[in-house]
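Please look over the sequence and the model shown below before reading on. The report that follows takes up a loop, a core, a surface patch and a charged side chain in turn.

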Amino acid sequence: DLVMIDRTKTSLTFDGLFVLDIDGAILVKRIGRSPRPGYVMVISDNDREQPSFERAIRHIRVLGKVIWAGVKQ
């Protein structure tokens with residue numbers, strides 16, 4: 001798949017689809033609210049591949065917000 005990102009959108013104060021660096025792995029994941037202050041839910045569209053998990057915001061480097069995604073044929 002191909003994605004276009006807005007590299008100026010690096011705040012996780014709102015939900016959406018982001019490109020993230022978590023422990024050196026580059027991931028495209030949805031971000032959702034967590035009941036714990038300073039944490040977010042990192043959500044997989046395919047829960048069978050990787051279940052959603054909670055993570056401290058300070059341990060996530062945001063590379064940008066996805067503004068377009070397409071499937072390469």
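## A loop residue with positive phi

In which loop is D23 found? D23 is found in the loop between β2 and β3 (25–33), where strands are DSSP runs of E of at least two residues, numbered from the N terminus. This is a predicted model, in which local features need pLDDT of at least 70 and side-chain atom pairs count only at pLDDT 80 or more, while totals for chains, interfaces and linings use all residues. Residues are numbered from 1 along each chain as its sequence is written, and side-chain values use heavy atoms, with hydrogens and water left out.

The phi of D23 is near 55 degrees, a positive value in a residue other than glycine. Most residues other than glycine have a negative phi. D23 is exposed, with a relative accessible area of 65%; buried means under 20% relative accessible area, exposed over 50%, and partly exposed in between, with a 1.4 Å probe and protein chains only. G24 is found in the loop between β2 and β3 as well, and is exposed at 64% relative accessible area. From C-alpha to C-alpha, G24 lies 9.3 Å from R61, although the two are 37 residues apart in sequence.

## The largest nonpolar core

The largest nonpolar core has 9 residues, namely L12, F18, L20, I22, I31, V40, V42, I60 and V62; such a core is a set of buried Ala, Val, Leu, Ile, Met, Phe, Trp, Tyr and Cys residues joined through side-chain atoms within 4.5 Å. The elements that give two or more residues to this core are β2 (16–22) and β4 (39–43), and the largest share, 3 residues, comes from β2.

Leaving aside neighbours within four places in sequence, V62 is in contact (heavy atoms within 4.5 Å) with K9, T10, L12, F18, V19 and L20.

## A nonpolar surface patch

L2, M4, I67 and W68 form a nonpolar patch on the surface, with about 430 Å² of accessible area together. Patch residues have over 30% relative accessible area and no salt bridge, and nonpolar side chains (Val, Leu, Ile, Met, Phe, Trp, Tyr) are joined within 5 Å; accessible areas come from the Shrake-Rupley method with a 1.4 Å probe. The elements that give two or more residues to the patch are β1 (2–6) and β6 (61–70). L2, found in strand β1, is partly exposed, with a relative accessible area of 45%.

## A buried lysine

K65 is found in strand β6. K65 is buried yet has no salt bridge, the nearest side chain of opposite charge being D6, 8.6 Å away; a salt bridge is a side-chain nitrogen of Lys or Arg within 4 Å of a carboxyl oxygen of Asp or Glu. Leaving aside neighbours within four places in sequence, the contacts of K65 include M4, D6, K9, F14 and F18.

Key
Helices (H or I, at least four residues) and strands (E, at least two) are DSSP runs, numbered from the N terminus. Patches are made of residues with over 30% relative accessible area and no salt bridge: like charges are joined within 9 Å, nonpolar side chains (Val, Leu, Ile, Met, Phe, Trp, Tyr) within 5 Å. Lys and Arg count as positive and Asp and Glu as negative; His and the chain ends are not counted.
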